[in-house]
Amino acid sequence: MLGPLFWNIGDRVMDIYAYIKRDHLKVADLMQQLLDIRLAAFHRRLFEQIKSELVLHTEAEERTFYRAINHAAREAATEEEMVHAFDDHAEIRTLLQDLTDLSENDEMWMVKFGELKHAVEHHVQDEETNVWKKARMVLSADQEQRLARDMDREKQKILNDVQVAAQ
Ligand SMILES: [Fe+2]
Ligand SMILES: [Fe+2]
C-alpha cells in the first residue's frame, strides 16, 4: 500500500502509532467530506471509500497490533481494554452493514451515518489513549516499528484475498 519512502519521517522510522494515526486522520477527513456534501447522490461513493478504509484498518489492526498486545500482556486489566476495543470494532462493522443495506436516499441514512461517525470517534479516542498506553507498556520499540510494516502487509493480504474471491 505504501512506498518504502513512507517508512522514514525525517530520520525516524515510522512506528505503529504513527501508522494508525495516519489511518484515523484519513477516515476522519473522509467522514467530514461526506457531511459537507449535501447531495445524497455523492454519499454512496464516499461511503464506499470510508467503508473499505475502516474494514481494512480494523481487520488488520486486530490481526497485528491487538494480537501483539494480547500476546505481550496477559493480565486481566489489559484483557478488559482489548475486549472493549474489539467490541467497538464489532459495533463499527454493524453500522457499516446497516448503511450498506439502507438506501442513501432514505432519511435514516444520515442518522445512521451520524451514529457511525460517533462510534468511530469514540473508538479512536479510546484507542489512542487507553490502548496505546497499554501497548507502550508491553511492546518493545523494535516491535512498535515492526508492527507498522506488519499491519501494512496485512492490509495488502486482505485486499489480495478479496480480489481472488471476486474472480
Ligand atoms: Fe485504529
Ligand atoms: Fe481500532
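Colleague: Is Asp 98 buried, exposed or partly exposed, and why?
Modeller: Asp 98 counts as partly exposed because it has 15 C-beta neighbours inside 10 Å. Buried means 20 or more other C-beta atoms within 10 Å of the residue's own, exposed means 12 or fewer, and partly exposed is in between, with C-beta atoms placed from the backbone.

Colleague: Which helix is Asp 98 found in?
Modeller: Asp 98 sits in helix H3, residues 76-101. Helices are DSSP runs of H or I with at least four residues, strands are runs of E with at least two, and both are numbered from the N terminus.

Colleague: What separates the C-alpha atoms of Asp 98 and Arg 149?
Modeller: 32 Å, with the two residues 51 apart along the chain.

Colleague: And the ground rules?
Modeller: This is a predicted model, where local features need pLDDT of at least 70, side-chain atom pairs count only at pLDDT 80 or more, and totals for chains, interfaces and linings use all residues. Residues are numbered from 1 along each chain as its sequence is written, while chains are lettered from A and ligands numbered from 1 in the order in which they are written.

Colleague: Where is confidence lowest in the chain?
Modeller: In strand E1, residues 8-9, at a mean pLDDT of 60. pLDDT is the predictor's confidence in each residue, from 0 to 100. Helix H1, residues 16-36, is highest at 97. The chain mean is 91, and 91% of residues reach 70 or more. Where pLDDT is low, the predicted coordinates should not be read in detail.

Colleague: New topic. In what order do the elements run?
Modeller: β-β-α-α-α-α-α from the N terminus.

Colleague: Where is the kink in H2 centred?
Modeller: On Glu 62, at about 45°. The bend is the angle between axes fitted to the seven residues ending there and the seven starting there.

Colleague: Which residues touch the most other members of the largest nonpolar core?
Modeller: Ile 16, Phe 65, Leu 147 and Met 151, out of 15 residues. H2 gives the largest share, five residues. Such a core is a set of buried Ala, Val, Leu, Ile, Met, Phe, Trp, Tyr and Cys residues joined through C-beta atoms within 7 Å.

Colleague: What does Phe 65 touch?
Modeller: Ile 16, Leu 147 and Met 151, leaving out residues up to four places away in sequence. Contact means C-beta atoms, placed from the backbone, within 7 Å. Another core of eleven residues lies apart, including Leu 34 and Leu 116.

Technical notes:
Contact = placed C-beta atoms within 7 Å.
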